[in-house]
Amino acid sequence: FPISDEDTREKNSDPYHKQLLLNYCFGHRDISILLCPYGVVTSLINHSKEKANAKIVWSKKSMQHPEWLETPVSEWVNGTHSGLAFDLIAKRDLDVDEEVFLDYGDEWKDAWAEHEANWSP
């Protein structure tokens with residue numbers, strides 16, 4: 001059945017969608033920016049400290065502005081395009097159907113536990 005423009009606007013403004021995107025972003029406690037990867041495989045990477053078989057590294061091939069890594073954030077953060085890139089690297093050879101895991105870190109684990117404890121539908 002057709003969805004009206006009003007229905008689409010209402011769904012797109014739902015905070016649930018914004019929170020879902022934030023689940024895939026990288027941040028650091030000492031800075032106020034988030035790096036949000038995009039692409040098909042982003043949502044296929046899961047957390048496991050024990051089974052971590054991949055890691056994230058700054059890209060040496062795909063970065064449009066590698067100089068940003070050495071430039072104060074205040075000089076480039078308000079840009080209108082992407083410029084930093086990172087690669088997902090296997091820590092060992094993976095089997096064809098093997099799930100990809102990253103260790104998101106203890107701070108993520110603690111924040112997730114707090115979210116679960118305080119969340120209510």
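Tutor: Accessible areas come from the Shrake-Rupley method with a 1.4 Å probe, and for residues only the protein chains shown count as cover. This is a predicted model, where local features need pLDDT of at least 70, side-chain atom pairs count only at pLDDT 80 or more, and totals for chains, interfaces and linings use all residues. Residues are numbered from 1 along each chain as its sequence is written, and side-chain values use heavy atoms, with hydrogens and water left out.

Student: What share of the accessible surface of the chain belongs to carbon and sulfur atoms?

Tutor: Start with the total. The accessible surface of the chain comes to about 10,200 Å². The part that belongs to carbon and sulfur atoms is 54%.

Student: Which element of the chain has the lowest mean pLDDT?

Tutor: pLDDT is the predictor's confidence in each residue, from 0 to 100. The chain averages 77, and 81% of the residues score at least 70. Among the elements, strand β4 (residues 100–102) has the highest mean, 92. The lowest mean, 49, belongs to helix α1 (residues 5–12).

Student: How many contacts does the stretch of residues 1–5 have beyond near neighbours in sequence?

Tutor: Over residues 1–5 the pLDDT is below 50. Where pLDDT is low, the predicted coordinates should not be read in detail. A contact means heavy atoms within 4.5 Å. Beyond near neighbours in sequence, the count for residues 1–5 in the model is one.

Student: In what order do the elements of the chain run from the N terminus?

Tutor: Helices (H or I, at least four residues) and strands (E, at least two) are DSSP runs, numbered from the N terminus. The chain has three helices and four strands. From the N terminus on, the order is α-α-β-β-β-β-α.

Student: Which residues form the largest nonpolar core?

Tutor: Buried means under 20% relative accessible area, exposed over 50%, and partly exposed in between (1.4 Å probe, protein chains only). A nonpolar core is a set of buried Ala, Val, Leu, Ile, Met, Phe, Trp, Tyr and Cys residues joined through side-chain atoms within 4.5 Å. Buried residues make up 15% of the 121 residues in the chain. The largest nonpolar core has five residues: I33, M63, W68, W76 and L84.

Student: Is N53 buried or exposed?

Tutor: N53 sits in the loop between β1 and β2. Leaving out residues up to four places away in sequence, N53 touches several residues, including I89, R92, E98 and F101. Its relative accessible area is 1%, so N53 is buried.

Student: How many salt bridges are there?

Tutor: Side chains of opposite charge can pair when their charged atoms come close. A salt bridge is a side-chain nitrogen of Lys or Arg within 4 Å of a carboxyl oxygen of Asp or Glu. By this rule the count is three.

Student: How far apart are the closest N and O atoms of K49 and D103?

Tutor: K49 and D103 form a salt bridge. The pair links distant parts of the chain, 54 residues apart: K49 is in the loop between β1 and β2 (54–58), D103 in the loop between β4 and α3 (106–118). K49 is partly exposed, because its relative accessible area is 44%. The closest N and O atoms of K49 and D103 are 3.6 Å apart.

Student: What is the C-alpha to C-alpha separation of D106 and K49 in space?

Tutor: D106 is found in helix α3. D106 forms a salt bridge with K49, with the closest N and O atoms 3.2 Å apart. D106 and K49 are 57 residues apart in sequence, and their C-alpha to C-alpha separation in space is 8.8 Å.

Student: Which side chain meets R92 in a salt bridge?

Tutor: R92 is partly exposed, with a relative accessible area of 43%. The N to O distance in its salt bridge is 2.4 Å. The partner is E98.

Student: Which residues make the nonpolar surface patch of about 210 Å²?

Tutor: Patches are made of residues with over 30% relative accessible area and no salt bridge: like charges are joined within 9 Å, nonpolar side chains (Val, Leu, Ile, Met, Phe, Trp, Tyr) within 5 Å. One member lies in the loop between α2 (15–22) and β1 (45–47): F26. At 32% relative accessibility, F26 counts as partly exposed. The patch is made by F26, I56 and L88.
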